[in-house]
Each structure stands twice: as structure tokens, then as C-alpha cells.
Amino acid sequence: MGVDGTWHLTLDSAMGKQEFDFDIKADGTGLIGTGSAEGREVVPEIIGGTLDGDTASWKLKVRKPMRITLTFTVKVAGDEMTGKTKAGIFGSFPVTGQRT
């Protein structure tokens with residue numbers, strides 16, 4: 001089934017659950033797409049997206065409430081994603097997602 005589609009991800013951070021939506025498409029061994037976060041200003045284009053088998057990774061720049069780059073690394077299994085998100089100096093947090 002691949003990674004292509006619209007995904008809703010939940011990041012379980014030290015500040016509580018953070019919700020993100022992504023439209024992702026495989027482009028060879030790369031990923032292209034856009035992301036959004038409820039209540040946060042983000043640069044919508046994902047950055048540096050890669051795809052290696054069932055593992056996908058990409059970055060999203062959050063502008064507000066603080067400037068931070070989030071790095072998502074997930075495994076895709078059907079309509080589910082599981083993995084982690086690195087949040088700069090704040091460390092890494094678990095992330096799960098569903099294709100919508």
C-alpha cells in the first residue's frame with residue numbers, strides 16, 4: 001500500500017499530545033508533501049523526506065508558538081505509522097498515526 005496518502009499523527013510530548021496532519025507522496029526514495037499542526041504556525045512543505053523500505057522520515061519546521069524543527073522517523077504498516085519525533089533540544093517522543 002505504501003506511504004502515499006493523508007495521515008493524522010499524534011505526538012506524545014512532554015507538553016501533552018500534539019496533533020499533526022500530513023499529505024505525503026513517495027518520490028523514488030524520497031518523500032514530498034505538506035504538513036499542518038493544529039494551533040501552530042508551520043512551514044507547510046516537508047523537508048528532506050526519505051523512504052527506505054517501510055521506514056519514512058522527514059522534517060517539519062514549526063514557527064509558533066516557538067521555532068523548532070521536528071524530525072519524524074516512522075515505520076509504515078498498512079494504514080498505520082509508529083515511530084518517534086525528535087524535537088530539537090527537547091529530545092525524542094513517540095508518535096503514532098493513521099491514514100485518513
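This report describes the fold, salt bridges, surface patch and selected residues of a predicted model.

## Overall architecture

The protein contains zero helices and nine strands. Read from the N terminus, the order of elements is β-β-β-β-β-β-β-β-β. The C-alpha trace extends over about 35 × 25 × 20 Å along its principal axes. A compact globule of 100 residues would have a radius of gyration near 13 Å, and the value of 12 Å for the protein agrees with this.

Of the 100 residues, 35% count as buried. The accessible surface amounts to about 5600 Å², and carbon and sulfur atoms supply 54% of that area. Among contacts with a separation of 6 or more, 28% are between residues 24 or more positions apart.

## Salt bridges

There are three salt bridges in the structure. One of them joins the side chains of Asp54 and Lys75, at 3.6 Å from N to O. This pair links distant parts of the chain: Asp54 sits in the loop between strand S5 (47-52) and S6, while Lys75 belongs to strand S7, 21 residues apart. Asp54 has a relative accessibility of 37% and is therefore classed as partly exposed. Lys75, at 44%, is also partly exposed.

Asp79 and Arg99 form another salt bridge, with 2.7 Å between the closest N and O atoms. Here too the pair links distant parts of the chain, from Asp79 in the loop between S7 and S8 to Arg99 in strand S9 (residues 92-99), 20 residues apart. Asp79 is partly exposed, at 36% relative accessibility, whereas Arg99 is buried, at 17%. A further salt bridge connects the side chains of Lys17 and Asp12, at 3.9 Å from N to O. Lys17 is exposed, with a relative accessible area of 58%, and Asp12 is partly exposed, at 38%.

## Nonpolar surface patch

Met15, Met66, Ile89 and Phe90 make up a nonpolar patch on the surface. Together these residues have about 480 Å² of accessible area. Met66 is located in the loop between strand S6 (55-64) and strand S7 (68-77). Its relative accessible area is 33%, so Met66 counts as partly exposed.

## Ser57 in strand S6

Ser57 is part of strand S6. With a relative accessible area of 17%, Ser57 is buried, because the cut-off for buried residues is under 20%. The side chain of Ser57 makes a polar contact of 2.7 Å with the side chain of Thr50. Leaving out residues up to four places away in sequence, Ser57 touches Leu31, Gly48, Gly49, Thr50, Phe72 and Thr73.

Gly83 lies in strand S8 (residues 80-87) and is partly exposed, at 30% relative accessibility. Beyond its neighbours within four places in sequence, Gly83 is in contact with Thr73, Val74, Phe93, Pro94 and Val95. From Gly83 to Val42 the C-alpha atoms are 21 Å apart in space, and the two residues are 41 residues apart in sequence.

Ala77 is in strand S7. Ala77 is exposed, having a relative accessible area of 55%. Between Ala77 and Gln98 the C-alpha to C-alpha distance is 9.9 Å, with the two 21 residues apart in sequence.

Key. Residues numbered from 1 in each chain as written. Predicted model: local features only at pLDDT ≥ 70, side-chain atom pairs only at ≥ 80, totals over all residues. Heavy atoms only, no water. Patch = residues over 30% accessible without salt bridge, like charges linked within 9 Å, V, L, I, M, F, W, Y side chains within 5 Å. Areas by Shrake-Rupley, 256 points an atom, 1.4 Å probe, with all protein chains shown as cover. Salt bridge = Lys/Arg side-chain N within 4 Å of Asp/Glu carboxyl O. Helix = DSSP H or I, 4+ residues; strand = E, 2+ residues; numbered from the N terminus. Buried < 20%, exposed > 50% of the residue type's maximum accessible area, 1.4 Å probe, protein only. Contact = heavy atoms within 4.5 Å. Polar contact = N/O pair within 3.5 Å; in protein donor to acceptor, adjacent residues only side chain to side chain. Rg over C-alpha atoms; globule rule 2.2 N^0.38 Å.
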